[in-house]
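Visitor: I am new to reading protein models. Could you take me through this one?
Guide: Gladly. Have a look first.

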Amino acid sequence: MTAFVEIPGSVAIVSGAGSGIGRASAHSLAKRGASVVVTDVNGERAESVAGEITAVGGAAIWAQCDVTDGDAIERVRDLALHELGHLEIVMNNVGVLAMGPPETLPFELWQRIIEINLLSVVRSNLVYLPHLLAQGRGHVVNTASASGLLAHGFDRLPYVTTKHAVVGMTESLALYLRPRGIGVTCLCPSGVVTNIVEQITFFGEPATPRSPDHPVVEAEVVGELVADAIETGRFLVLTATEVQDEVVARARDIDAYIDSYTQGDPA
Ligand SMILES: NC(=O)c1ccc[n+]([C@@H]2O[C@H](COP(=O)([O-])OP(=O)(O)OC[C@H]3O[C@@H](n4cnc5c(N)ncnc54)[C@H](O)[C@@H]3O)[C@@H](O)[C@H]2O)c1
């Protein structure tokens, strides 16, 4: 594997970078010499993260941007090109979840989560890919989740569904974009210490799936893994090696795999 872009001197746009994994990735990229455009629906958070980066000698600007708004994404692209002159790295990182038994989650909630978790990446593709393809150089990072590779989370079905879609889209894009000079990374973290719980909405009685006990990591670890993946041109980034083993076991015999999670327990 080889890099598609050098991080030093590149311009990177990171969405949802006011907190958690996006914030940590913005820091890691800036530390390695990128100029970062920190965006978030929460403008105060974005401004504050850009301030943290510049306070330690990094280069960053910020913009308030809701990833459900295609015009706002276009404004971010134009800001980056106008203020920083070029653009190489795009990290689509926003994701939200709602929890509850599948039959309790309202249709409108599904629509909202599909808008944020999945169609935001589609919007980003429409805004940024023409630019990256024209220059024949770049790197796209899509934040999916281990929930995009494994489907334990029946208590968060729109999340599992949209993250699976992001994994599929990202893999397909890698096949298209790599021969055209653009690297693609699919970030599939397991548990990460962030503020994600802040925006969870809950429905119905809690229904807790059996799920494997994978290690939880700090967001800073994930930020470094993202920067490493860009430096090496790597596609898949996991934060728990156990996920890889489980993907293999599931692929080998999916019926046996499902049985292993359901036998003897209706939950
Ligand atoms: N934390 C985990 O355990 C974990 C595990 C796997 C995957 N992920 C994924 O990592 C990504 C980042 O999550 P995090 O854990 O860092 O969460 P976080 O809540 O700490 O950060 C997410 C940021 O996104 C912003 N945001 C929310 N809606 C937005 C919108 N419509 N437009 C723009 N910004 C918006 C929030 O303001 C927040 O600053 C998500 O895609 C999430 O699904 C997280």
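**Reading the features**

Guide: Keep in mind that this is a predicted model. Let us start with a pocket. Helix α8, residues 254-262, gives the most to the lining of the second largest pocket: five residues.

Visitor: How many residues line the second largest pocket, and which lie nearest its centre?
Guide: The lining has 12 residues. Nearest the centre are Ala151, His152, Ile258, Tyr261 and Thr262. By type, the lining holds eight nonpolar, two polar and two charged residues. The volume of this pocket is about 240 Å³.

Visitor: Now helices. How is a packed pair described?
Guide: Two values do it: the angle between the axes and the distance between them. Take α3 (residues 70-84) and α4 (residues 107-135). Their angle is about 35°, and their axes lie 10 Å apart. The α3 and α4 crossing is right-handed.

Visitor: Which residues make the contact?
Guide: From α3 come Gly70, Ile73, Glu74, Val76, Arg77 and Leu81. From α4 come Ser120, Arg123, Ser124, Val127, Tyr128 and His131. This α3–α4 contact divides into five nonpolar, four polar and three charged residues.

Visitor: One residue next. Is Leu238 buried or exposed?
Guide: Buried means under 20% relative accessible area. Leu238 has 18%, so Leu238 counts as buried. Leu238 sits in strand β11, residues 236-238.

Visitor: What does Leu238 contact, leaving aside neighbours within four places in sequence?
Guide: Leu149, Cys188, Leu225, Val243 and Gln244. Look at Cys186 too: it is 52 residues from Leu238 along the chain, and their C-alpha atoms are 8.8 Å apart.

Methods: Residues are numbered from 1 along each chain as its sequence is written. This is a predicted model: local features need pLDDT of at least 70, side-chain atom pairs count only at pLDDT 80 or more; totals for chains, interfaces and linings use all residues. Side-chain values use heavy atoms; hydrogens and water are left out. On a 1 Å grid over the protein atoms alone, a cavity is a set of points where a 1.4 Å probe fits but cannot get out, and a pocket is an open set with protein on both sides within 12 Å along at least five of seven lines; lining residues have an atom within 4 Å of a point. Grid points are joined across faces, edges and corners, and a volume is the space filled by probe spheres set on the points. Helices (H or I, at least four residues) and strands (E, at least two) are DSSP runs, numbered from the N terminus. Ala, Val, Leu, Ile, Met, Phe, Trp, Tyr, Cys and Pro count as nonpolar, Asp, Glu, Lys and Arg as charged, and the others, Gly among them, as polar. Axes are lines fitted to C-alpha atoms, for helices over the stretch in contact, and angles run from 0 to 180 degrees between N-to-C directions. A crossing is left-handed if the near helix is turned anticlockwise from the far one by less than a right angle, and right-handed if clockwise. Contact means heavy atoms within 4.5 Å. Buried means under 20% relative accessible area, exposed over 50%, partly exposed in between (1.4 Å probe, protein chains only).
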